[in-house]
Amino acid sequence: QPHDQLQQNGSSSDQAQPIIAAHAPPESPADKWRRRRILAAYLLTSTILYADLALMAPNLSAIADEFGFDDDERDVKLGG
């Protein structure tokens with residue numbers, strides 16, 4: 001068969017034994033939807049968790065003004 005692979009067995013003979021490639025059983029529609037729901041939940045959770053990381057950096061001066069920091073305090077406390 002074209003998809004067979006040959007592997008050397010551990011015996012003293014030099015003949016290779018065919019190994020038939022295993023195929024996964026077909027996925028049912030319910031399993032496909034379950035995998036899609038899990039992926040969607042993962043992507044949504046990741047988006048929500050990491051969405052705020054990019055918000056603070058461009059707004060460090062505004063944050064410093066909100067807390068009443070002067071320029072030196074802003075640089076020391078917020079790094080910006």
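**Around Ala64**

Author: Setting aside neighbours within four places in sequence, Ala64 is in contact with Phe69, Arg74 and Leu78. Contact here means heavy atoms within 4.5 Å. This is a predicted model: local features need pLDDT of at least 70, side-chain atom pairs count only at pLDDT 80 or more, and totals for chains, interfaces and linings use all residues. Residues are numbered from 1 along each chain as its sequence is written, and side-chain values use heavy atoms, with hydrogens and water left out.

Reader: Why is Ala64 called buried?

Author: Buried means under 20% relative accessible area, exposed means over 50%, and partly exposed is in between (1.4 Å probe, protein chains only). Ala64 has 1% relative accessibility, so Ala64 counts as buried. Ala64 lies in helix H3, residues 60-66. Helices are DSSP runs of H or I with at least four residues, strands are runs of E with at least two, and both are numbered from the N terminus.

Reader: What separates the C-alpha atoms of Ala64 and Lys77?

Author: Those C-alpha atoms are 8.9 Å apart, and the two residues are 13 apart along the chain.

Reader: Why does Arg74 count as buried?

Author: Arg74 has 17% relative accessibility, so Arg74 counts as buried. Arg74 sits in helix H4, residues 71-78.

Reader: What makes the pair Arg74 and Asp71 a salt bridge?

Author: A salt bridge needs a side-chain nitrogen of Lys or Arg within 4 Å of a carboxyl oxygen of Asp or Glu. In Arg74 and Asp71 the closest N and O atoms are 3.5 Å apart. The pair passes as a salt bridge. Both residues lie in helix H4, three residues apart, about one turn of the helix.

Reader: Which residue forms a salt bridge with Lys77?

Author: Glu73 does, with the closest N and O atoms 3.5 Å apart. Lys77 and Glu73 are four residues apart in helix H4, so about one helical turn separates them. Glu73 is called partly exposed because its relative accessibility is 30%.

Reader: How do you know that Asp75 forms a salt bridge with Arg74?

Author: Their closest N and O atoms are 3.5 Å apart, so the pair meets the 4 Å limit. Salt bridges that share partners join Asp71, Arg74 and Asp75 into one network. Asp75 has a relative accessible area of 39%, so Asp75 is partly exposed. A search of the whole structure finds four salt bridges.

Reader: What makes the side chains of Arg74 and Asp75 a polar contact?

Author: A polar contact is a pair of N or O atoms within 3.5 Å; within protein, one must be able to donate a hydrogen and the other to accept it, and residues adjacent in sequence count only if both atoms are side-chain atoms. Arg74 and Asp75 make their contact side chain to side chain, at 3.5 Å.

Reader: What caps the N-terminal end of H4?

Author: Asp70 does: one of its side-chain oxygens lies 3.3 Å from the backbone nitrogen of Asp72. Just after H4, Gly79 takes a positive phi of about 75°.

**Helix H1 and the whole chain**

Reader: How do you know that H1 is hardly covered?

Author: The count of buried residues among its 22 residues is zero. Helix H1 covers residues 29-50 and reaches 32 Å from first C-alpha to last, close to the expected 32 Å. The expected span is 1.5 Å times one less than the number of residues.

Reader: Why is Leu39 called partly exposed?

Author: Leu39 has 48% relative accessibility, so Leu39 counts as partly exposed. Leu39 is in helix H1.

Reader: How many helices and strands does the protein chain have?

Author: There are four helices and two strands. From the N terminus on, their order is β-β-α-α-α-α. Buried residues make up 4% of the chain's 80 residues. Among contacts between residues at least 6 apart in sequence, 0% join residues at least 24 apart.
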